[in-house]
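Please read the following paragraphs beside the sequence and the model.

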Amino acid sequence: MILYHGSYTVIEKPRIITQENLHTKGVGSDFFQRKLYRKKRELEGFLMADTHHLIKTILIPQVAELLMKNKGLSEDEALRTIYESPIAPLLEDDTMGLYGQSALYVYGLITNDENA
């Protein structure tokens with residue numbers, strides 16, 4: 001039998017996987033599907049964390065701009081207001097989902113906190 005496998009390496013005794021031994025430990029589609037699933041989940045987690053970081057780098061300057069415009073703060077004062085507010089740790093916590101809210105919503109949370 002000639003088996004073409006995409007390599008120049010000669011395999012003297014190829015291991016042929018049949019339906020009977022397909023699901024043995026370490027061999028077959030289940031093993032590789034589990035491995036691929038774990039890798040996919042790791043990659044999705046990495047991409048989501050990276051996406052959240054990118055969103056926050058856009059969101060925070062927008063909130064700072066609203067503070068400068070509506071409260072008359074300098075850029076430094078606006079950023080200090082954001083990072084020293086009780087909302088700042090919530091922005092960093094990806095499980096809270098605050099990064100997905102609009103700049104106006106986050107601005108409202110910060111200014112309502114100041115008024116309380």
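The model is a predicted one, in which local features need pLDDT of at least 70 and side-chain atom pairs count only at pLDDT 80 or more, while totals for chains, interfaces and linings use all residues. Residues are numbered from 1 along each chain as its sequence is written, and side-chain values use heavy atoms, with hydrogens and water left out.

The secondary structure comes to four helices and zero strands, where helices (H or I, at least four residues) and strands (E, at least two) are DSSP runs numbered from the N terminus. Read along the sequence, this gives the pattern α-α-α-α. Of the 116 residues in the protein, 21% are buried; buried stands for under 20% relative accessible area, exposed for over 50%, and partly exposed for what lies in between, with a 1.4 Å probe and protein chains only. Among contacts (heavy atoms within 4.5 Å) between residues at least 6 apart in sequence, 47% join residues at least 24 apart.

In soluble globular proteins, nonpolar side chains tend to be buried together. A nonpolar core is defined here as a set of buried Ala, Val, Leu, Ile, Met, Phe, Trp, Tyr and Cys residues joined through side-chain atoms within 4.5 Å. The largest such core in this model has 14 residues, and those with the most contacts inside it are Val63, Ile82, Leu91 and Val106. Two or more residues are given to this core by each of helix H1 (29–71), helix H2 (75–84), helix H3 (87–92) and helix H4 (103–115), and the largest share, five residues, comes from H1.

Which residues does isoleucine 82 touch, not counting residues up to four places away in sequence? They are Ile60, Val63, Ala64, Leu67, Ala88, Leu91 and Ile110. The buried residues of H2 are Ala78, Thr81 and Ile82. Because these cover an arc of only 95° around the axis, they lie on the same side of H2, the arc being that of the directions from the helix axis to the C-beta atoms. On the other side of H2, Asp76 and Glu84 are exposed.

Isoleucine 60, placed in helix H1, counts as buried because its relative accessibility is 8%. Leaving aside neighbours within four places in sequence, isoleucine 60 is in contact with Leu79, Ile82, Tyr83 and Leu91. Isoleucine 60 and alanine 78 are 18 residues apart in sequence, and their C-alpha atoms are 9.8 Å apart in space.

Threonine 111 is found in helix H4 and, at 8% relative accessibility, also counts as buried. Not counting residues up to four places away in sequence, threonine 111 touches Leu67 and Lys71. A polar atom of its side chain lies 3.3 Å from the backbone oxygen of glycine 108.

Serine 102 lies in the loop between H3 and H4 and is partly exposed, with a relative accessible area of 40%. A polar atom of the serine 102 side chain lies 3.1 Å from the backbone nitrogen of tyrosine 105. Serine 102 and leucine 59, which are 43 residues apart in sequence, are 7.5 Å apart in space from C-alpha to C-alpha.

Terms used
Polar contact = N/O pair within 3.5 Å; in protein donor to acceptor, adjacent residues only side chain to side chain.
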